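Here is a friendly briefing to read alongside the model. Take a look at the structure first, then work through the points by topic.

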Amino acid sequence: MTNAAVHVEGQAAQHALHAYAHEAVASGATHAAGQQHPIKLYLVVWGWLFVLSTCSYLVDYFGIHGHLRWSLILLFMVLKAGLIVAVFMHMAWERLALAYAILLPPVLVLVFVAIMVFESGYTHLLRSIFFAATA
């Protein structure tokens, strides 16, 4: 075999190997496009949801009352909702712009509700002053 024949044969083998590698990468890319998360992740999140639900139940079981009760229940509720949104709705793997588009409006609603709560105390004070003076 001459050097030219070896060179041509080597190039043909190299092209075949390159084509095979390209097909393997292309088929791997199609599998990577659909995210596959390990089942362990979902089981761990399920475990945390169970623990948080148990803690929420224990707040009532131990008879905690007042602001502490409602604060704990709301805290556990927000943590469970955050886990569900992050893992089961796949928000942890989304682009930041999409996460902001979905998460920012509820946060703004909570801010406006807090503003209304503070404003309601001011309105209640004015009503008690003006209506108590006329009665």
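**Briefing: a helical chain and one of its helix pairs**

Leu-79 is partly exposed, with a relative accessible area of 41%; partly exposed lies between buried (under 20% relative accessible area) and exposed (over 50%), using a 1.4 Å probe and protein chains only. Please keep in mind that this is a predicted model, where local features need pLDDT of at least 70, side-chain atom pairs count only at pLDDT 80 or more, and totals for chains, interfaces and linings use all residues. Residues are numbered from 1 along each chain as its sequence is written, and side-chain values use heavy atoms, leaving out hydrogens and water.

**Overall make-up**

- The protein chain has four helices and zero strands, where helices (H or I, at least four residues) and strands (E, at least two) are DSSP runs numbered from the N terminus.
- Read from the N terminus, the order of elements is α-α-α-α.
- Of the 135 residues in the protein chain, 8% are buried.
- The protein chain exposes about 11300 Å², with 74% of that area supplied by carbon and sulfur atoms; accessible areas come from the Shrake-Rupley method with a 1.4 Å probe, and for residues only the protein chains shown count as cover.
- Taking contacts (heavy atoms within 4.5 Å) between residues at least 6 apart in sequence, 52% join residues at least 24 apart.

**Annotated spans**

- An unreviewed UniProt entry annotates residues 41–59, 71–91 and 97–118 as "transmembrane region"; positions follow the numbering used here, feature names are shortened, and annotations may be inferred rather than shown by experiment.
- Residues 41–59 are 100% helix and 0% strand, and their end C-alpha atoms lie 27 Å apart.
- Residues 71–91 are 86% helix and 0% strand, with 26 Å between the end C-alpha atoms.

**How H2 and H3 pack**

- The axes of helix H2 (residues 39–61) and H3 come within 9 Å and cross at roughly 165 degrees; axes are lines fitted to C-alpha atoms, for helices over the stretch in contact, and angles run from 0 to 180 degrees between N-to-C directions.
- That angle makes H2 roughly antiparallel to H3, a term for angles over 145 degrees.
- Residues of H2 that meet H3 include Leu-41, Trp-48, Leu-52, Ser-56 and Asp-60.
- On the H3 side, the residues that meet H2 include Arg-69, Phe-76, Leu-79, Lys-80 and Phe-88.

**Residues to click on**

- Leu-79 is found in helix H3 (residues 66–88).
- The C-alpha atoms of Leu-79 and Trp-48 are separated by 9.5 Å, and the two residues are 31 apart along the chain.
- Ser-56, found in helix H2, counts as buried because its relative accessibility is 16%.
- Leaving aside residues up to four places away in sequence, Ser-56 touches Ile-73 and Phe-76.
- Thr-54, also placed in helix H2, counts as partly exposed at 30% relative accessibility.

Definitions and conventions. Parallel < 35°, antiparallel > 145°, perpendicular 65-115°, else oblique.
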